[in-house]
Amino acid sequence: MEVNLTPLLPAAEVALAALVVLIADLFLRDDEKGLLAVVSVAGLAIAAALAGSLWDSQEAAFGDTMLGDNFSLFFTLLLIAAAALAVFSSAHYLSETNMPPGEYHALILFSTAGMILMASANDLILFFLGLETMSIAVYILTGLRREQPQSSEAAMKYFMVGAFATGFLLYGIALIYGATGATHLARIGYWIIQSAGKPDWLFTAGALFLVIGLAFKVAAVPFHFWAPDVYEGAPTSVTAFMAVAVKAAAFAGWARIVVHQLAPLSPQWDWLFWLLAIMTMTLGNLLAIAQSSVKRMLAYSSVAHAGYLLIAIVAGNEFGGGALLFYLLAYSAMSFGAFAVLLALKNGRGDNEEYRHFAGLGFSRPFLAMSMAVFMLSLAGFPPLGGFTGKFYLFRAAVLAGYTDLAIIGVLNSLLSLAYYLRVIVMMYMDEGGVEAKTAARAPYLYAAVAVSLVATFYLGILPGDALELSRRAFASLR
């Protein structure tokens, strides 16, 4: 029987690039290790070209357990873009922190390959394999600054909590298999329809464990407690990659499994996701206000934005799907840009991550300060930026689905977030005495990453039509 491997091509290309990086690392001198970034970006570019060429092809492989639909290709392109930005922005950071570039770039690529498998998986076992490929690589990346005790502590904490979450996820898969006799998502969906949307306790328990495992991965309250410490202890470039790519891959699972295949159960589950969204938004924003470190603030901000994204899960298939995908695009641009500006403040051995380190940045580095101000305003939901457009469609989806109360709570949380986002802008333009940030000549690739994020944030806010249509078509391709 002929096996169609076409949907596997983007993930295989990224994994192949990782192997090439590892082998090349053995033969390059220390002063030549910068070539590894070029190899990584080239491999990602080829994978992106392969994914683009498959758009609208609706390919499937391995008995429909892996899909090359527009949904998986949308996330493949988003994850590749996040990985490329992580490689670009860390070029100077690697030399400053003495992290091994070969291991760093290879782990970024291996984790990206796992994320692509997660987005393409139409079977719970394949989804689990992609999740573990991603997770193991990110655990190691978190502890890659071996001379820093905080980095090792963050890696160990992330590993322990990740193993705990994996246990929930795997046990949930086992219970679902016990109830339905299948791990294939389409067969599980058919079983739910046959049971008239009223499955037995075994399936309900399995689905609950599955949701808990996914909630850990997106740092939804009350499963968020690991995120601030891990984000703070990890190398900043890794934190940016985790905040964007890991969250996007996990929400790809939420969308395909919960919003699409488990949609018949939404009348029974909506209250749980409603409560989860409100708790995550509110607690994330309240805790972010109390932080003195911008990096920890962005960690709690990431928790709050997971709450906004959960609004799309509550809104459901018809209204929430396209809004979820579009908001992930906007969030990826503005969040990565904010972390990239934070990278520019690193000076020698000091990470310079507190609010006071941003003082006077508007006068010493106008481009960085202007970019950071745009990212903060976009995260808060100011027009005409990508964050505003994304939140508008999220809240609109909630209203159309009959959850006006959830949309109002989301708007109030956006207003609450101003307390800590505007604080950064005030420090940059109304205070002085901060640290000296890197110049464009000293870190050109980092400035390029900031510029790309800035352009994307403006584009998604001012001209969102194409991205919205792309998001809608991607979600509509789920089957």
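Helix H18 gives the most to a nonpolar surface patch, with three residues; helices here are DSSP runs (H or I, at least four residues), numbered from the N terminus. The model is predicted, so local features need pLDDT of at least 70 and side-chain atom pairs count only at pLDDT 80 or more, while totals for chains, interfaces and linings use all residues. Residues are numbered from 1 along each chain as its sequence is written, and side-chain values use heavy atoms, with hydrogens and water left out.

**Nonpolar patch**

- The patch consists of Phe 367, Met 370, Val 426, Tyr 429 and Met 430, which together have about 460 Å² of accessible area (Shrake-Rupley method, 1.4 Å probe; for residues, only the protein chains shown count as cover).
- Patches are made of residues with over 30% relative accessible area and no salt bridge, with nonpolar side chains (Val, Leu, Ile, Met, Phe, Trp, Tyr) joined within 5 Å; a salt bridge is a side-chain nitrogen of Lys or Arg within 4 Å of a carboxyl oxygen of Asp or Glu.
- Helix H16 (366-380) and helix H18 (404-430) are the elements that give two or more residues to this patch.
- Tyr 429 is found in helix H18 and is partly exposed, at 33% relative accessible area (buried is under 20%, exposed over 50%, partly exposed in between; 1.4 Å probe, protein chains only).

**Ser 417 in helix H18**

- Ser 417 also lies in helix H18 and counts as buried at 1% relative accessibility.
- A polar atom of the Ser 417 side chain lies 2.6 Å from the backbone oxygen of Ser 414.

**Aromatic pairs and cluster**

- The count comes to 23 aromatic pairs, where rings of Phe, Tyr and Trp (its six-membered ring) pair if their centres lie within 6.5 Å; planes under 30 degrees apart count as stacked, over 60 as edge-to-face and the rest as tilted.
- Among them is the tilted pair of Phe 88 and Tyr 445, with 5.9 Å centre to centre and 40° between the planes.
- Phe 88 lies in helix H3 (residues 70-89) and Tyr 445 in helix H19 (residues 444-462), so this pair ties together parts that are 357 residues apart in sequence.
- Phe 88 is partly exposed at 31% relative accessible area, and Tyr 445 is partly exposed at 47%.
- Tyr 420 and Tyr 421 form another tilted pair, at 4.4 Å centre to centre and 50° between the planes.
- Tyr 420 is buried, with a relative accessible area of 1%, and Tyr 421 counts as buried at 1%.
- One aromatic cluster is formed by Phe 164, Phe 168, Tyr 171, Phe 209, Phe 216, Phe 223 and Phe 225.

**Charge over a ring**

- Arg 423 lies over the face of Tyr 355, at 3.8 Å from the ring centre (NZ of Lys or CZ of Arg within 6 Å of the ring centre and within 35 degrees of the ring normal).

Definitions and conventions:
Patches are made of residues with over 30% relative accessible area and no salt bridge: like charges are joined within 9 Å, nonpolar side chains (Val, Leu, Ile, Met, Phe, Trp, Tyr) within 5 Å. A polar contact is a pair of N or O atoms within 3.5 Å; within protein, one must be able to donate a hydrogen and the other to accept it, and residues adjacent in sequence count only if both atoms are side-chain atoms.
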